[in-house]
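Hi there,

Here is the structure I promised to pass on. Have a look at it first, then read my notes below.

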Amino acid sequence: MSVRYDVEEALELNFSDVQQDNSDSEEEVEDVSEEEDGEEYNPEHDESSSEEEENPEAERETFLSKNGKITWSSAAYNQHGRHAEQNVIKMTPGPTRLLRFDDRESRPARRVTDKLAAIREVWDKWVERLPYLYNPGPDVTVDEQLVPFRGRCPFRQYMPSKPAKYGIKAWVACDTKSSYAWKMQVYTGKPTSGCPEKNQGMRVVLDVTEGLRGHNVTCDNFFTSYELGQQLLKRKITMVGTVRKNKPELPPALLASKEREVFSSKFAFTPMTTVVSYFPKKNKNVVLMSTLHKDSDISDRGDRKPVIILDYNRNKGGVDNLDKVIGTYSCRRMTARWPLVIFHNIIDVSSYNAFVIWREINPTWISHKKNKRRVFLEQLGKALVTPLIERRKHVPRTEASAAVVKAIQSAGAPDEPEDPATTATSPASAMKTGHFDPEDTGCIQKMRTTGGLSQLMLTRQ
């Protein structure tokens, strides 16, 4: 005996597998210095114009770095400044589900010089649009993301510190407060020439922060170096990050651990850079470098951590939080094709970026609910599949899916046929109507709707 459902019951059945989302509200990130907000950092600041008194020369101790090229000072230089910007929100387009992303016949020739040839055109066009839709706040985090994948891929990486351990690595620059992915790069391994890349960390940070000005970049010891800090200052960007102890620009006096007290801090300065060595416990030395901080400020906490470390700890988790939220609700599926893995990650990141923009535009949207992102993804999924259901010719076999299709088609049937000449061609209208130009994405479009409405929803993995 067949069971019939009305439209409301069918929708409930289709979306019953969506679980409640944990609260995605991130911790509010306070500015490093309230006094310095709104001031633009100027590396060519005239020291003679400073009203503060300089430290006496008798108290200033200088020492050279291990390579003998940098002179560090034990006293701080009187220079301050940073710049903060407000978020600027624009509309975001929404991609569809695609199965092939390039011309298979010409792929071997392109793959000789580009390992990402199978999805390069789609990836570049998507990454190009990310900075146009959102301006990050004053703090930006640069880190690596590992997309889980254990299949065959010429640039698959093994990272034992990540939960997935195996996958495709991408460099990400995101807003620290909202975790909006502002710019991304896929790491495709060693260059085709076979020679390992030198100064890769510095090159990555300079690439993913191109276009920023007046921001502070937080990164880990893979990226941080003295030369990177100087290059970022030329763009009016400051840097805070941990430093590996084998860096030649570090002074040996900061690395000595004998007779050091626990919770003690040791500072070294140049006119533009500050280095701190902190002793959190016995035989444990943590070294950080900053072009943002100019003083030897230490907190009033019991562990007497320097302010540089507190600011680093507060801003270092932007990319990690992005991984967490896109993993909670993901469209990833089991596949042996690495281009699909990258495309699934594009959809996940795009859906979260769209949620960030929507939340900024509508800060009071369903303020009484904690699972805002789950509701947003439900409404986003319905908006994306409704135009496709209205155009489909064959009704699904299952009763519930057939009821949904018939109801939507009957409700959305126009009185007069639509004139193709009047169809909008903007990205927003393309997302709404479902019309996409294959030449605009470099892909062959193929939509699977056999399973009904739930087949096209972003479901929880």
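What follows is a short tour of what turned up.

First, some ground rules. This is a predicted model, so local features need pLDDT of at least 70 and side-chain atom pairs count only at pLDDT 80 or more, while totals for chains, interfaces and linings use all residues. Residues are numbered from 1 along each chain as its sequence is written, and side-chain values use heavy atoms, with hydrogens and water left out.

**The overall picture**

The protein chain has 13 helices and 13 strands. Both are DSSP runs numbered from the N terminus: helices are H or I with at least four residues, strands are E with at least two. Of its 461 residues, 48% count as buried. Buried means under 20% relative accessible area, exposed means over 50%, and partly exposed is in between (1.4 Å probe, protein chains only). Contact means heavy atoms within 4.5 Å. Among contacts with a separation of 6 or more, 65% are between residues 24 or more positions apart.

**Helix 8 and its neighbours**

Two packed helices are described by the angle between their axes and the distance between the axes. Helix 8 (residues 318–328) packs on helix 9 (residues 338–361) at about 100°, and their axes are 10 Å apart. That makes the two helices roughly perpendicular. The axes are lines fitted to C-alpha atoms, for helices over the stretch in contact, and the angles run from 0 to 180 degrees between N-to-C directions. Angles under 35 degrees count as roughly parallel, over 145 as roughly antiparallel, 65 to 115 as roughly perpendicular, and the rest as oblique.

Which residues make the contact between helix 8 and helix 9? Helix 8 brings Asn321, Leu322, Val325 and Ile326, and helix 9 brings Asn345, Asp348, Val349 and Tyr352. The buried residues of helix 8 are Gly318, Val319, Asn321, Leu322, Val325, Ile326 and Thr328. They pack against strand 4 (139–148), strand 6 (166–175), strand 7 (181–186), helix 7 (307–315), helix 9 and helix 10.

**Phe376 in helix 10**

Phe376 sits in helix 10 and counts as buried because its relative accessibility is 10%. Leaving aside residues up to four places away in sequence, Phe376 touches Ser351, Ala354, Phe355, Trp358 and Trp365. Phe355 is 21 residues away along the chain, yet the C-alpha atoms of Phe376 and Phe355 are separated by 7.0 Å.

**Salt bridges**

Side chains of opposite charge can pair when their charged atoms come close. A salt bridge here is a side-chain nitrogen of Lys or Arg within 4 Å of a carboxyl oxygen of Asp or Glu. The whole structure has 12 of them.

- Asp207 and Arg203 meet at 3.2 Å, N to O. Both are in helix 4 (residues 200–208), and they are 4 residues apart, so about one helical turn separates them. Asp207 is partly exposed at 25%, and Arg203 is partly exposed at 27%.
- Arg301 pairs with Asp303, with the closest N and O atoms 2.8 Å apart. Arg301 is partly exposed at 42% relative accessibility, whereas Asp303 is buried at 17%.
- Asp348 pairs with Arg332, with the closest N and O atoms 3.6 Å apart. This pair links distant parts of the chain: Asp348 is in helix 9, Arg332 is in the loop between helix 8 and helix 9, and they are 16 residues apart. Asp348 is buried at 1%, and Arg332 is buried at 17%.
- Asp102, Arg107 and Arg110 are linked in a network of salt bridges.

**A buried arginine**

Where is Arg392? Look in the loop between helix 10 (372–391) and helix 11 (399–411). Arg392 is buried yet has no salt bridge, and the nearest side chain of opposite charge, Glu390, is 12 Å away. For charges, Lys and Arg count as positive and Asp and Glu as negative, while His and the chain ends are not counted. A polar atom of the Arg392 side chain does lie 2.7 Å from the backbone oxygen of His394.

**Two positive phi angles**

Ser179 is not a glycine, but it has a positive phi of about 65°. Ser179 is in the loop between strand 6 and strand 7 and is buried at 0% relative accessibility. Ile366, also not a glycine, has a positive phi of about 35°. Ile366 is in the loop between helix 9 and helix 10 and counts as buried at 19%.

Cheers!

Conventions. Polar contact = N/O pair within 3.5 Å; in protein donor to acceptor, adjacent residues only side chain to side chain.
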